[in-house]
Amino acid sequence: MTNPRKPDHPVAAIFKDRWSPRALTGEPIPEADLRTIFEAARWAPSASNTQPWRFFYALRDTPEFATFLGLLAGSNQLWAKNASALLIIASKKTFVPPGKTEPVESRSHSFDAGTAWGFFALQAHKLGYVTHAMGGFDAPRSAVELNMPEDFRPEAAIAIGKLADKSTLPENLQARETPSSRNPQAEFVFAGAFPRS
């Protein structure tokens, strides 16, 4: 597939080439590849080095895969059933500050987990895999099904696998199977304060 994305400023190709397909082949992902991708996430920065992210995963053709698939919204199940693995990423909402003994609320747990997901996605792309993060999943049920302690927040579901031809998707999804564009910097970068309307 030709990637129509054109950056406005010079960036490494990995940033524009990574996208979120839905068409997946379903072929197995070797444990060694998955561990390399998790290793990249491990090195993400976090506030006070708390590393609040937690990745839960299920490989295709394991009993756990059906559980993870069942946590997804029905529209996501239609295509994610062909993933090599499904994941839920959660973040720990509390941490014990240095020199303290009692946990306090973390203001950046979601932000930090999102950074780990970004590292995960880029390393997966570098190894030839595609990833697709989803907000369409049952977060409360995933916390129960995956036995998460109360101070954890399910953040997103993720599908990973090898790219398949878009013809393998339901017809209504085939038109959406292309790298999406991005807003120009003028819409999200401000020198100084937010512009006055």
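Predicted model: local features only at pLDDT ≥ 70, side-chain atom pairs only at ≥ 80, totals over all residues.

Author: S48 is exposed, because its relative accessible area of 53% is over the 50% cut-off.

Reader: Where is S48 placed?

Author: S48 sits in the loop between α2 (31-42) and β1 (53-59). Its C-alpha atom is separated by 9.8 Å from that of V96, 48 residues apart along the chain.

Reader: Changing topic. Which residues of the largest nonpolar core touch the most other members?

Author: L72, W79, L86, I88, M148 and A159, out of 26 residues in that core. At least two residues each come from α3 (63-70), α4 (74-80), β2 (85-92), β5 (130-134) and β6 (152-161). Another core, of 21 residues, lies apart from it, with F55, A85, I89 and A156 among them.

Reader: And what does M148 touch?

Author: Leaving out residues up to four places away in sequence, M148 touches F56, I88, A90, S142, A143 and P154.

Reader: Now helices. At roughly what angle do the axes of α2 and α5 cross?

Author: Roughly 145°, and the axes of α2 and α5 (residues 109-126) come within 7 Å. The crossing is right-handed.

Reader: Which residues make the contact?

Author: From α2, T36, I37, F38, A40 and A41; from α5, A116, F119, F120, Q123 and A124.

Reader: How many of those are nonpolar, polar or charged?

Author: The contact of α2 with α5 has eight nonpolar residues and two polar ones, with no charged residues.

How values were computed: Residues numbered from 1 in each chain as written. Heavy atoms only, no water. Helix = DSSP H or I, 4+ residues; strand = E, 2+ residues; numbered from the N terminus. Buried < 20%, exposed > 50% of the residue type's maximum accessible area, 1.4 Å probe, protein only. Core = buried A, V, L, I, M, F, W, Y, C linked by side-chain atoms within 4.5 Å. Contact = heavy atoms within 4.5 Å. Axes fitted to C-alpha atoms, helices over the stretch in contact; angles between N-to-C directions. Left-handed = near helix turned anticlockwise from the far one by under 90°. Nonpolar A, V, L, I, M, F, W, Y, C, P; charged D, E, K, R; others polar.
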